[in-house]
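This report concerns the side-chain contacts of a predicted model. It treats salt bridges, the ligand and metal sites, and nonpolar cores in turn.

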Amino acid sequence: MKRNNLILYGALLVFGLMAPFLFPAFKLQISFMWILVILALTWDVQGGQMGYNTFGNILFFGIGMYICASTQIGLFFPLEEWTASGGEKTFLHTPSQYFLGLSAGLVLAGIVPVIVAALIGYGILGLRGHYFAICTLGLGIAAGELAGGIEIIGAGQGMTAPPWPKGIGDTEFRSEFFYFLTFITMLATFTFLRWAYQKRFGLVLNAIRDNEDKAEAMGIHTMRYKILGWMVSAFFLGIAGGLVGNMVGYIEPTEIAFTGATYGVFMILMAILGGKGTLWGPVIGAMVFHIFKEGFWTFFLGWQYVALGVLIVVIVIFFPEGIMGWLREKFPERFGEVIDEADRKAQVVLK
Amino acid sequence: MASILRVDKVSKYFGGVKANQGVSLSVRTGSIVGLIGPNGSGKTTLFNSIVGTHPIDRGTIEFDGREISTLPVPAVAKLGLLRTFQQTRIFGKVNCIQNMLISSNPTKENLITIFSKVPEELTEKAENLLKFVGLHQKRKLLAGDLSFGQQKLLELAMALMNEPKMLLLDEPTAGINPTLINGIIDRLITVNKEFGITLLVIEHNMRVIMNLAQEIYCLAHGEMLASGSPEEIKNDQRVLDAYLGAG
Ligand SMILES: Nc1ncnc2c1ncn2[C@@H]1O[C@H](COP(=O)(O)OP(=O)(O)OP(=O)(O)O)[C@@H](O)[C@H]1O
Ligand SMILES: [Mg+2]
């Protein structure tokens with residue numbers, strides 16, 4: 001069991017490190033796969049582990065994207081002029097400016113969404129069930145509208161992220177650079193969540209999912225855990241957003257930053273497909289989903305969203321517990337559900 | 001002896017429904033007190049009022065010398081006043097041990113305690129308490145897979161895990177196999193005598209409450225109808241009328 005785990009982790013790590021060299025043509029696609037894994041993992045903190053369906057996590061992704069790019073530019077140049085008219089042509093980042101800006105941008109892309117999550121969470125995480133879900137539905141939409149009205153970040157026209165500086169490798173090197181940034185961010189997200197789920201934090205999130213009133217009756221200030229959980233999601237989502245903004249190179253309110261209808265839906269779908277409320281489910285779900293999407297999307301030209309709809313229906317009907325849930329049912333002993341003899345007898349008595 | 005819980009003229013209305021109307025009671029430290037009354041007489045509502053599930057409309061509630069009627073549920077629980085639910089509540093998708101660990105009382109909930117491992121010795125304590133209620137063998141099963149009666153026992157063990165000063169039990173024997181009820185009575189007496197936990201028990205089963213409680217309060221239509229020793233209550237005409245549906 002332990003050894004199997006090591007092999008699994010090792011294989012993934014090796015794949016992650018080698019992929020850009022083994023499949024150079026797919027570097028960008030695999031980078032986006034890691035981004036999707038981050039989206040699914042962070043959604044699952046609320047939607048899976050804690051049982052709070054959120055449709056608004058895309059908010060943090062978009063905020064991170066705008067904050068990162070604005071910092072990268074604003075640190076060295078007047079942001080207003082940059083966004084007003086093709087500023088990336090007038091102003092050029094030197095390599096050191098570029099990397100300093102990117103580092104600062106990514107740090108802020110993590111921190112600002114955390115603060116936003118704390119403030120909004122304080123306001124709405126007191127809502128339960130459908131009320132919370134519907135409330136979050138408004139968040140992403142409102143944010144897109146808002147961003148579309150703010151001149152300094154390009155309003156509805158959007159803005160460009162700083163282009164890769166001259167004299168520091170070609171576009172291949174650029175995509176390798178961002179590949180490893182996304183891979184590391186994904187690893188950090190996974191490792192942090194894996195660690196946190198083994199702590200009291202993870203236990204209480206599950207308690208909130210199973211019966212929040214009971215958790216409160218046992219003296220647990222559930223609000224603290226809910227807000228903290230959302231802050232954790234916001235942190236990694238914000239950084240992911242910052243990275244995507246730079247990878248795409250162009251930021252726009254509703255199609256790229258606050259993409260409720262694509263990424264916002266995908267993150268939920270992937271977590272459910274893989275098995276929500278499990279550590280590996282969102283990872284596997286995101287990978288399967290991405291491969292399916294990249295592989296078959298072109299076959300459904302014009303019908304992508306119909307295909308997506310069918311996929312949703314198929315998942316809900318045939319894999320209600322996701323791939324992990326299905327595997328767990330097939331091979332319970334592989335999941336550490338080894339029932340000792342006394343327990344097995346107890347179970348028989350129960351039935 | 002001093003009272004650990006003092007409820008004074010508490011009223012709670014739901015729209016036009018007077019669920020509690022000027023209810024007063026007091027529970028001596030270390031005693032077992034019963035709360036009876038016909039269906040819908042406001043017993044569970046009184047529990048909810050005491051632990052802060054809903055704001056009360058009038059009156060005061062004092063626990064351990066502190067006014068608690070405006071505190072939220074977790075804060076009251078942290079003071080050492082816990083309740084169990086009439087419709088048993090457990091954490092169904094995690095196993096019994098985990099249910100117990102969640103229930104252990106973290107005195108502080110800050111970043112450090114939230115992100116620390118649950119102490120090892122708590123698992124041992126959890127196993128011992130599960131043994132005490134007879135669920136040790138089932139400790140690794142999902143709590144949601146236990147039978148209703150077993151879930152009631154688990155809920156009791158979870159409450160004990162929290163080490164409260166006082167427990168409000170909402171029908172601890174409802175739905176339990178009659179042959180097991182004596183076991184529950186014995187355990188509740190142990191909880192009271194040996195763990196030193198004061199008990200306030202809602203119970204419909206007269207035999208149980210007469211055996212358990214030193215003092216009994218009877219509610220009817222949201223008002224306190226009578227109180228006294230089990231003997232007195234048993235022979236109180238008003239109580240008999242209320243139970244026979246004359247009210
Ligand atoms: N949340 C609520 N909203 C509206 N009415 C309520 C609410 N809770 C209780 N009531 C009403 O208050 C009255 C007392 O209910 P309560 O649950 O306290 O009775 P009880 O004595 O516990 O009854 P039982 O023995 O059946 O459990 C009932 O008329 C009930 O309908
Ligand atoms: Mg009741």
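A salt bridge is a side-chain nitrogen of Lys or Arg within 4 Å of a carboxyl oxygen of Asp or Glu. The side chains of B:K234 and B:E231 meet this criterion, with an N to O distance of 3.5 Å. Helices (H or I, at least four residues) and strands (E, at least two) are DSSP runs, numbered from the N terminus. Because B:K234 and B:E231 are 3 residues apart in helix 9 (residues 230-234) of chain B, about one helical turn separates them.

The model is predicted: local features need pLDDT of at least 70 and side-chain atom pairs count only at pLDDT 80 or more, whereas totals for chains, interfaces and linings use all residues. Residues are numbered from 1 along each chain as its sequence is written, chains are lettered from A and ligands numbered from 1 in the order in which they are written, and side-chain values use heavy atoms, with hydrogens and water left out.

**Salt bridges**

Over all chains, the count of salt bridges comes to 18. Among them is the pair A:E212 and A:K226, whose closest N and O atoms are 2.7 Å apart. A:E212 lies in helix 9 (residues 200-217) of chain A and A:K226 in helix 10 (residues 222-248) of chain A, so the pair ties together parts that are 14 residues apart in sequence. Another salt bridge joins B:R89 to A:D213, with the closest N and O atoms 3.4 Å apart. This pair crosses between chains, running from the loop between strand 6 and helix 3 of chain B, where B:R89 is located, to A:D213 in helix 9 of chain A. A:R128, A:E212, A:D213, A:E216, A:K226 and B:R89 are linked in a network of salt bridges.

Burial is classed by relative accessible area (buried under 20%, exposed over 50%, partly exposed in between; 1.4 Å probe, protein chains only). A:E212 and A:K226 are both buried.

| Residue | Relative accessible area |
|---|---|
| B:R89 | 24% |
| A:D213 | 34% |
| B:K234 | 41% |
| B:E231 | 48% |
| B:T44 | 25% |
| B:Q86 | 29% |

**Metal and ligand sites**

B:T44 (OG1) and B:Q86 (OE1) coordinate the magnesium ion (ligand 2) at 1.9 to 2.2 Å. Donors are N, O and S atoms within 2.8 Å of the metal (3.2 Å for Na, K and Ca); water is not among the atoms, so sites may look incomplete. B:T44 lies in helix 1 (residues 43-51) of chain B and B:Q86 in the loop between strand 6 (81-83) and helix 3 (96-103) of chain B, so the pair ties together parts that are 42 residues apart in sequence.

Ligand 1 is surrounded by 14 residues, the closest being B:K43, B:T44, B:T45, B:Q86 and B:H204; a residue is near a molecule if one of its heavy atoms lies within 4 Å of it. An N or O atom in the side chain of B:T45 is 2.5 Å from an oxygen atom of ligand 1, and for the side chain of B:Q86 the corresponding distance is 2.7 Å.

**Nonpolar cores**

A nonpolar core is a set of buried Ala, Val, Leu, Ile, Met, Phe, Trp, Tyr and Cys residues joined through side-chain atoms within 4.5 Å. The largest core has 150 residues, of which A:F61 and B:L154 touch the most other members. Helix 2 (residues 27-50) of chain A contributes the largest share of this core, 14 residues. A second, separate core of 27 residues includes B:V23, B:V27, B:V76 and B:Y217.

Methods: Polar contact = N/O pair within 3.5 Å; in protein donor to acceptor, adjacent residues only side chain to side chain.
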